[in-house]
Amino acid sequence: MTEPIQRRKLFQEVLDRLMARIRSGDIPPGGQLPSERELMEEYGVGRPAVREALQALERSGIVEIAHGERARVVVPTADRLIGQIAGGAMHLLRSQPDSLEHLKDARLFLETGMARLAAERATEEDIARLRLAVARHRASLNDLEKFIELDMAFHRELATVSGNPIFPSIVEALFRWAGEYYQAMVRAPGVEDLTLAEHDRIVDAIAQHQPEAAAEAMRAHLTRANKLYLKPQGQGN
């Protein structure tokens, strides 16, 4: 109670008022904010304060600003939210010695749980989509870039089967964030066939609605695949 009252910059006041309007639904997702001039007149501030507030909202992923148009409130999605932290995640991976191992642990924990859920919840249509994902993956054996892309597609499809709409975005983000450390050894002779066989075992367990078997098949797959990741530059052995 004895701490001095902090002086706030004008843009912070503008930012708070705009956030209050967005949270209340006065400006709904997809809706446009007033023009810069309208905000200047409404709040009695100059253009710099308005622009700095709008830029802060844009950096937070709350609004989009297109040249020549008024700022628009973003329609929130899991993909968009996770995309907002992609730059920071990549910086963390490059600069913190243990972060890649932590990311691999997080993916292992998440995907074994998703495999378990998928085995509990999968419909015949879900299983057919997983089989198709494996078939497409197998058909890409002669294209390294496509093979890795469809590897991720399989895991995202499985995340979708789990029933939680946030999981697919998280899985894809984890995969992409660590992607630059993934060795081309994923396509070494025999390794690609092993990857496909492991995917088949995961789908078989899901199709038989065996949650623990599905989780264990995923655990074995990711534990083996984790050894194919290089350490970020500057890290020790």
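Reader: Leaving aside its neighbours within four places in sequence, which residues is Leu 130 in contact with?

Author: This is a predicted model, in which local features need pLDDT of at least 70 and side-chain atom pairs count only at pLDDT 80 or more, while totals for chains, interfaces and linings use all residues. Residues are numbered from 1 along each chain as its sequence is written, and side-chain values use heavy atoms, with hydrogens and water left out.

Beyond those neighbours, Leu 130 is in contact (heavy atoms within 4.5 Å) with Phe 154, Glu 157, Leu 158, Val 161, Val 203 and Ile 206.

Leu 130 also belongs to the largest nonpolar core, which has 27 residues. Such a core is a set of buried Ala, Val, Leu, Ile, Met, Phe, Trp, Tyr and Cys residues joined through side-chain atoms within 4.5 Å; buried means under 20% relative accessible area, exposed over 50%, and partly exposed in between, for a 1.4 Å probe and protein chains only. The members that touch the most others are Met 114, Leu 130, Phe 154, Leu 158, Ile 202 and Ile 206. Two or more residues each come from helix 6 (99-121), helix 7 (124-138), helix 8 (144-161), helix 9 (167-177), helix 10 (191-207) and helix 11 (211-226). Helices here are DSSP runs (H or I, at least four residues), numbered from the N terminus. Helix 6 provides the largest share of the core, 7 residues.

The packing of helix 7 on helix 8 comes next. Their axes, lines fitted to C-alpha atoms over the stretch in contact, with angles from 0 to 180 degrees between N-to-C directions, come within 9 Å and cross at roughly 170°. Helix 7 is therefore roughly antiparallel to helix 8, a term for angles over 145 degrees, whereas those under 35 degrees count as roughly parallel. On the side of helix 7, the contact includes Leu 130, Ala 133 and Val 134; helix 8 contributes, among others, Phe 154, Glu 157, Leu 158 and Val 161. The residues of this contact divide into 8 nonpolar, 1 polar and 5 charged. Here Ala, Val, Leu, Ile, Met, Phe, Trp, Tyr, Cys and Pro count as nonpolar, Asp, Glu, Lys and Arg as charged, and the others, Gly among them, as polar.

Helix 8 also meets helix 10, and the axes of these two come within 12 Å and cross at roughly 15°. Helix 8 and helix 10 are therefore roughly parallel to each other. Phe 154 and Leu 158 of helix 8 take part in this contact, as do Val 203 and Ile 206 of helix 10.

Methods. Parallel < 35°, antiparallel > 145°, perpendicular 65-115°, else oblique.
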